[in-house]
Amino acid sequence: MPAVQETIDRVRSIDLDQYKYGFETVIEMEKSVRGLSEDVVRFISAKKDEPEWMLEWRLDAYRRWLTMQEPDWARVSYDKIDYNNLYYYAAPKRPAALSLDEIDPEILKTYEKLGIPLREVEVLEGIAPERRVAVDAVFDSVSVATTFKKELSKAGVIFMPISEALREYPDLVRKYLGTVVPVTDNFFATLNSAVFSDGSFVYIPPGVRCPMELSTYFRINERDTGQFERTLIIADKGSYVSYLEGCTAPKRDDNQLHAAVVELVALDDAEIKYSTVQNWYPGDNEGKGGIYNFVTKRGDCRGARSKISWTQVETGSAITWKYPSCILRGDDSRGEFYSIAVSNGMQQVDSGTKMIHLGKNTSSRIISKGISAGRSQNTYRGLVSAHKKAKNARNFTNCDSLLIGDQCGAHTVPYIESKNASAVFEHEATTSKISEDQMFYCQQRGLSNEEATALIVNGFVRDVLQQLPMEFAVEAQKLISISLEGSVG
Amino acid sequence: MLEIKNLVVQIEDNRILNGLNLTVNDGEVAAIMGPNGSGKSTLSYVIAGKEDYEVLDGEILLDGNNVLEMSPDERAAAGLFLAFQYPLEIPGVGTMTFLKACINAQRRARGEGEISTPDFIRKVNAAADKLEIEKDMLKRALNVGFSGGEKKRMEILQMALLEPKFCVLDETDSGLDIDALRIVSEGVNALRAQGRSFLVITHYQRLLDHIVPDTVHVMSKGLIVKTGGKELALELEKSGYADYRSEAA
């Protein structure tokens, strides 16, 4: 772990005000009226210049949503969200930029501050081709820039804002949208279906290995604004793509809602690797402010021998409600879920995965590492099921929880359902504390409190960090240390 | 030089050390022997700064500076090293990573530059060879799955790399077979140099056959009750601790 030293330096250099992405961009915005109605849905659809069928799709979702109840089974508690007091659309006032030069300089500056390069020229300098990352930057409700589009299109890869894809490749979007997460799937997914404003669309043609990492960077800026992004990734037969998502938001006293939907489709022999580094504003130490993160992520291993792998590092949000899942439909398909969920302060995390084995010889692997500090609550909730026809389904689950201090909680809620006698499911779970003896041992060798904690925690999450693309692993490692700053007394 | 003056320590209302006095000069190897429960391990923890112990009175001076006012990591940077009786396991943290982090933390605390990677690797390899530590062991997570003997050798490796001024060895011989005892002792003897002092805590004479002390102190009921040369250890081996139990009572 070469980054340990860097982690330690980073921890040392930060002040008590831990969340470094909490700044606000002052920029003129165009917003929908406050609240939600059919008119607002129509407004969003019109803004995006969408085809008629898409508007109908949204309206149908909206009407369904009105009949649905917010779920309350997760181990999280929060004041009721007033859905009529939110803005469902907010976009920078400047017209859509055709080139980077036309982007509002304030927005460019925002992404620079966040360390996300939007200027390809700058990105190109001194970076080996295989280390390049194409970025789609989503600012509140709209995508403001997508880099490396030309180079990707040479390989036949489509990577663009979903609003643009709806205009340019309507048939392709229509064929797959809502086929993994149906419109009526759950309260938050249905809401998203009605009002989603942007997100990324990716299509990898048959046999193509995407020439670079794809990445979307989400930023919520506006007050009282919900972000409802929609991501759709299709890996056609025999293709491969690695995709990374990052998120931040300014510090605000009130809570902001983020209800995203991500759908992945892997056809025969295709592989999708989806990584998330989630660092939404978590609220202050008293639990004031922070993002409510209610996200539906699901991958469909539709083809034989296909593979979908979710890796997530969750350090932000006041509330996390998120279960990236795999439907193992194709025979011999494989699903993976690697997760590090860190909670500190008053954060509440209820996260995990679902592995639904439908096809023959399907296999899945779940490695979950929960770290709780402060007064936070951290729950792993996971379902592994085997359908009647899922002959020889295999699952291995390992859930480890690490507690720091004595005021936090870790909970593991596994659900296992097997309707096929040949299925073999294994489940391992451990809960441990960073012991005072371990801390003393490290300190006796010269490490400070923070350094010792960072080292022990890095050791705990190592299996999962190894799954992340190298540069993101380094970032994730730093993020984890920063999130735990001050958690050891 | 380490000077302990009138040290009074309790843990959860139990008095463990009762005004202990002890001086270890530069370059001196001092052994502390004593029966179970005499406060030997407590003394080592208090020197290193473990939290659970309440120091009611007294001073511990390292080269004139009161270490009781320092945090454990500051004491380490000042040159104090404790070889643990039961070294801790740190899962997932590679031994090399741990060693480098510790060396650099101490160097930074002393305002020195960080060690270069080639220098670091050279140093570790040289020290590991002397202690007959396999390269494979250095690649594993620190102390995880190590045998008792391997853990103790790892303690001495750390001591060699950190180059402390004052080393406390807490029952380093416990759990060692004859061969491991020889390797560990040779490792310690190699570090006996002008200026570096050792406080060797042990129940048994046999360690002192290998690490020959300059002075031997007998501890009982939280006090040093007798001090002598290396022959005192041999005496104890014959007569046992019975005399000292009653003496202090």
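Which residue stands opposite A:Trp321 in strand 15 of chain A? The views below come from a predicted model, and the second of them holds the answer.

**View 1. Strand 15 of chain A, with buried residues on both sides**. This strand covers residues 319-322. A:Ile319 and A:Trp321 point one way. A:Thr320 and A:Lys322 point the other way. All four names carry the label buried. In a regular strand, side chains alternate between the two faces of the sheet.

**View 2. The parallel partners of strand 15 of chain A**. Strand 13 of chain A, residues 290-301, pairs with strand 15 of chain A in the parallel sense. Four bridges join this pair. A:Phe294 is the residue that stands opposite A:Trp321. Strand 18 of chain A, residues 348-357, also pairs with strand 15 of chain A in the parallel sense, again over four bridges. Here A:Lys322 stands opposite A:Ser351 of strand 18. Strands of a sheet pair through backbone hydrogen bonds.

**View 3. Helix 3 of chain A crossing helix 9 of chain A**. Helix 3 spans residues 52-66, and helix 9 spans residues 187-195. Their axes come within 7 Å and cross at roughly 145 degrees. The crossing is left-handed. Helix 3 of chain A makes the contact through A:Arg58, A:Ala61, A:Tyr62, A:Arg64 and A:Trp65. Helix 9 of chain A answers with A:Thr190, A:Leu191, A:Ser193 and A:Ala194. By class, the contact residues are five nonpolar, two polar and two charged.

**View 4. An open sheet of six strands in chain B**. The strand order is 6-7-8-3-9-10, and the pairing is mixed. Strand 6 (80-83) and strand 10 (223-228) of chain B are the edges, each pairing on one side only. From one strand to the next, the twist averages 20 degrees.

**View 5. Strands 3 and 9 within the chain B sheet**. Strand 3 of chain B holds residues 29-33, and strand 9 of chain B holds residues 215-220. They pair in the parallel sense over four bridges. B:Ala30 stands opposite B:Thr215 of strand 9.

**View 6. The contact between chain A and chain B**. Chain A supplies 22 residues and chain B supplies 26 residues. On the chain A side, the elements giving two or more residues are helix 1 (4-13), helix 10 (436-444) and helix 11 (449-460). Helix 10 of chain A gives the most, with seven residues. The chain A side has nine nonpolar, eight polar and five charged residues.

How values were computed
Residues are numbered from 1 along each chain as its sequence is written. Chains are lettered from A and ligands numbered from 1 in the order in which they are written. This is a predicted model: local features need pLDDT of at least 70, side-chain atom pairs count only at pLDDT 80 or more; totals for chains, interfaces and linings use all residues. Two residues are in contact if their C-beta atoms, placed from the backbone, lie within 7 Å. Ala, Val, Leu, Ile, Met, Phe, Trp, Tyr, Cys and Pro count as nonpolar, Asp, Glu, Lys and Arg as charged, and the others, Gly among them, as polar. Axes are lines fitted to C-alpha atoms, for helices over the stretch in contact, and angles run from 0 to 180 degrees between N-to-C directions. A crossing is left-handed if the near helix is turned anticlockwise from the far one by less than a right angle, and right-handed if clockwise. Two strands pair if DSSP finds at least two bridges between them. A residue is buried if 20 or more other C-beta atoms lie within 10 Å of its own, exposed if 12 or fewer, and partly exposed in between; C-beta atoms are placed from the backbone.
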